[in-house]
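This report describes one protein chain from its local features to its overall build. Please consult the sequence and the structure shown here while reading.

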Amino acid sequence: MRRYISFTLVILWMLLIFYFSGRNADVSSAQSEGVLQVLRSIFPVLNSLDQLDVIFIIRKAAHFFMYFLLAILVYRCQKPEKKSLEKTLLTVAVVFIYAVLDEYHQSFVLGRSSSFRDVLIDFSGGLTGIFMLNII
């Protein structure tokens, strides 16, 4: 039963990533600006930084986090008796393929484009998640 719940969480998380990458540029920018306003109220030092730089960092941190968690979910939904190396390789493959497909999907969204840099950021987040699981 636990594996079915874990697998469902993977699918739901992938759908959430798909949803966010399917939002047009205006909606995505407005969302980033809202996050920036909240962060500036918590961390006043951000007021001294250029808004576009901070929004860029927020967007890339979101990419990293989404795939960090995706990797953890994919790894954890696999059979417990499966060897760690097998789980790791399958997780790496799933995260990379989904990152590429997500960027491809995003290339069809109004005002958005695909970027190999974002694939690398996504993949780095996934690798970090896998690394954290393997050392814990």
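Arg3 lies in helix H1, which covers residues 2–21. The model is a predicted one, and in it Arg3 has a relative accessibility of 39% and counts as partly exposed. Together with Arg2, Arg76 and Lys79, Arg3 forms a patch of positive charge on the surface. Patch members must have over 30% relative accessible area and no salt bridge; the 39% computed for Arg3 is therefore over that area cut-off.

Charge across the whole chain may be considered next. The protein chain carries 13 positive and 10 negative side chains, and the centres of these two sets lie 11 Å apart. Side chains of opposite charge can pair when their charged atoms come close. The count of salt bridges comes to one. This salt bridge joins Lys60 and Asp118, whose closest N and O atoms are 2.6 Å apart. Lys60 belongs to helix H3 (residues 51–76) and Asp118 to helix H5 (residues 116–135), so the pair ties together parts that are 58 residues apart in sequence.

Leu89, in helix H4 (residues 84–106), is exposed, its relative accessible area being 53%. The cut-off for this class is over 50%, so Leu89 falls within it. Between the C-alpha atoms of Leu89 and Tyr75 the distance is 9.5 Å, and the two residues are 14 apart in sequence.

The accessibility values of the residues discussed are listed below.

| Residue | Relative accessible area | Class |
|---|---|---|
| Arg3 | 39% | partly exposed |
| Leu89 | 53% | exposed |

The overall build of the chain remains to be described. The protein chain contains five helices and zero strands, and its elements follow the order α-α-α-α-α from the N terminus on. The C-alpha trace spans about 50 × 35 × 25 Å along its principal axes. Of the 136 residues in the protein chain, 35% count as buried. The accessible surface comes to about 8,500 Å², and carbon and sulfur atoms account for 72% of this area. Of the contacts between residues at least 6 apart in sequence, 67% join residues at least 24 apart.

Conventions
Residues are numbered from 1 along each chain as its sequence is written. This is a predicted model: local features need pLDDT of at least 70, side-chain atom pairs count only at pLDDT 80 or more; totals for chains, interfaces and linings use all residues. Side-chain values use heavy atoms; hydrogens and water are left out. Helices (H or I, at least four residues) and strands (E, at least two) are DSSP runs, numbered from the N terminus. Buried means under 20% relative accessible area, exposed over 50%, partly exposed in between (1.4 Å probe, protein chains only). Contact means heavy atoms within 4.5 Å. Accessible areas come from the Shrake-Rupley method with a 1.4 Å probe; for residues, only the protein chains shown count as cover. Lys and Arg count as positive and Asp and Glu as negative; His and the chain ends are not counted. The place of a charge is taken as NZ of Lys, CZ of Arg, CG of Asp or CD of Glu. Patches are made of residues with over 30% relative accessible area and no salt bridge: like charges are joined within 9 Å, nonpolar side chains (Val, Leu, Ile, Met, Phe, Trp, Tyr) within 5 Å. A salt bridge is a side-chain nitrogen of Lys or Arg within 4 Å of a carboxyl oxygen of Asp or Glu.
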